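Dear colleague,

Please find below the structure that I am handing over to you, followed by an account of what was found in it. I would be grateful if you could read the two side by side.

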Amino acid sequence: STDVTFDREVMDQGIQAIKTFKEIADSYQVKKIVAVATAAFREAKNAEQFAKEIQQQTGIQVRIINQDEEGILAFRGALAITPMEPEQVITWDIGGGSMQLTALTKEGTYLVEKGKTASIPFKNAVIEQIEHKDLKTIQTPNPLSIEEMQAAVNYAVRLSQDTQPFIKEKILNPQTHILAVGSIFNYRIRTMMNDPIVKQDALETEVMKLAGKTDAELPGGAFAEVSVTNPLLILGYMKGLKINQVQVVDVNNADGALTYPPYWQ
């Protein structure tokens, strides 16, 4: 909500969803359920209250994790379903409120680059800084002109330059595989490209076809307002970090949580 809280409707929807998941889990006689919460819970003023309410009504403890842990979960989840060597992988996860690029250092520790934007902040920046409109009255940037789209890409390029040098250098190594995870890559970009391998030039061609389209003319339903800015954000980062292509893998934080020993000990 505008006061940076979860409103009652969203909380009720969330609790009902978790109750449904728990019923499914109980039907399999599971011994333990783990729940992790990310950017929205890190920001909402009533997140702790909401987490307690979830536990009271469902018996499930919600862990509000930091951005480093979120990056680690994405990395572990991607490695669990791919045959690649961990030292040769960077995972890229973009959510509604945060972005992570995660890799292993030479010492074998996780390094999580906390991106300077994410889906919703980037969309809002396009509305305010490029279209010069008021966020209090305008919630969608669409339709976007070619010129505005290019300005959005350039803005993302500039943001990408703050990425840690280790990650930048690793991206340039020809042996590095960049695995793109999470719902934005899986349910928007992969569908848009009709291919799990997303190449920079092909993405640019496809996204520019969306110029001048309104929310009603775009795919995504309730998420139409980010149907253009999400691929523009990705394109800008790919250009800025010299990423020629990424491989989209069907992984999210739940997959990472399943493989993370501290949650199950």
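**Findings**

T91 counts as buried because its relative accessibility is 1%, where buried means under 20% relative accessible area, exposed over 50%, and partly exposed in between (1.4 Å probe, protein chains only). This is a predicted model, in which local features need pLDDT of at least 70 and side-chain atom pairs count only at pLDDT 80 or more, while totals for chains, interfaces and linings use all residues. Residues are numbered from 1 along each chain as its sequence is written, and side-chain values use heavy atoms, with hydrogens and water left out.

T91 belongs to strand β3, residues 89-94; helices (H or I, at least four residues) and strands (E, at least two) are DSSP runs, numbered from the N terminus. Leaving out residues up to four places away in sequence, T91 touches G71, A74, F75, A78, Q100, L101, T102 and L179, contact meaning heavy atoms within 4.5 Å.

I65 sits in the loop between β2 (62-64) and α4 (67-80). I65 is buried, because its relative accessibility is 3%. Residues up to four places away in sequence aside, I65 is in contact with V36, A37, T38, R42, E70, L73 and Y263. One of these contacts, T38, is 27 residues from I65 along the chain, and the C-alpha atoms of the two are separated by 5.8 Å.

**Aromatic pairs and nonpolar cores**

The whole structure holds eight aromatic pairs. Rings of Phe, Tyr and Trp (its six-membered ring) pair if their centres lie within 6.5 Å; planes under 30 degrees apart count as stacked, over 60 as edge-to-face and the rest as tilted. F41 and F50 form a stacked pair, with 5.4 Å centre to centre and 15° between the planes. F41 is buried, with a relative accessible area of 15%, and F50 is buried at 4%. The pair of Y260 and Y263 is edge-to-face, because the ring centres are 5.0 Å apart and the planes are at 85°. Both Y260 and Y263 are buried. Ring pairs also link F6, F41 and F50 into a cluster.

In soluble globular proteins, nonpolar side chains tend to be buried together. A nonpolar core is a set of buried Ala, Val, Leu, Ile, Met, Phe, Trp, Tyr and Cys residues joined through side-chain atoms within 4.5 Å. The largest such core has 45 residues, of which W92, V207, L232 and I234 touch the most other members. Another core, of 14 residues, lies apart from it and includes A44, F50, I54 and I60.

**The second largest pocket**

The second largest pocket holds about 250 Å³ of space. Its lining has 14 residues, and those closest to the pocket centre are T176, H177, I178, N244 and Q245. On a 1 Å grid over the protein atoms alone, a pocket is an open set of points where a 1.4 Å probe fits, with protein on both sides within 12 Å along at least five of seven lines, and lining residues have an atom within 4 Å of a point. Grid points are joined across faces, edges and corners, and the volume is the space filled by probe spheres set on the points.

α7 (165-172), β6 (177-181) and β8 (245-248) each supply at least two residues of this lining. β8 gives the most, with three residues. The lining divides into seven nonpolar, six polar and one charged residue. Ala, Val, Leu, Ile, Met, Phe, Trp, Tyr, Cys and Pro count as nonpolar, Asp, Glu, Lys and Arg as charged, and the others, Gly among them, as polar.

**Backbone features**

Most residues other than glycine have a negative phi, and most peptide bonds are trans. The peptide bond from N142 to P143 is cis, with omega near 0°. P143 lies in the loop between α5 (119-130) and α6 (146-160). Apart from neighbours within four places in sequence, T214 is in contact with N142 and P143. T214 is partly exposed, with a relative accessible area of 31%.

V4 is not a glycine, yet has a positive phi of about 60°. V4 lies in the segment before α1 (8-27) and is partly exposed at 38% relative accessibility. K242, also not a glycine, has a positive phi of about 60°. K242 is found in the loop between α10 and β8 and counts as exposed, because its relative accessibility is 57%.

With kind regards
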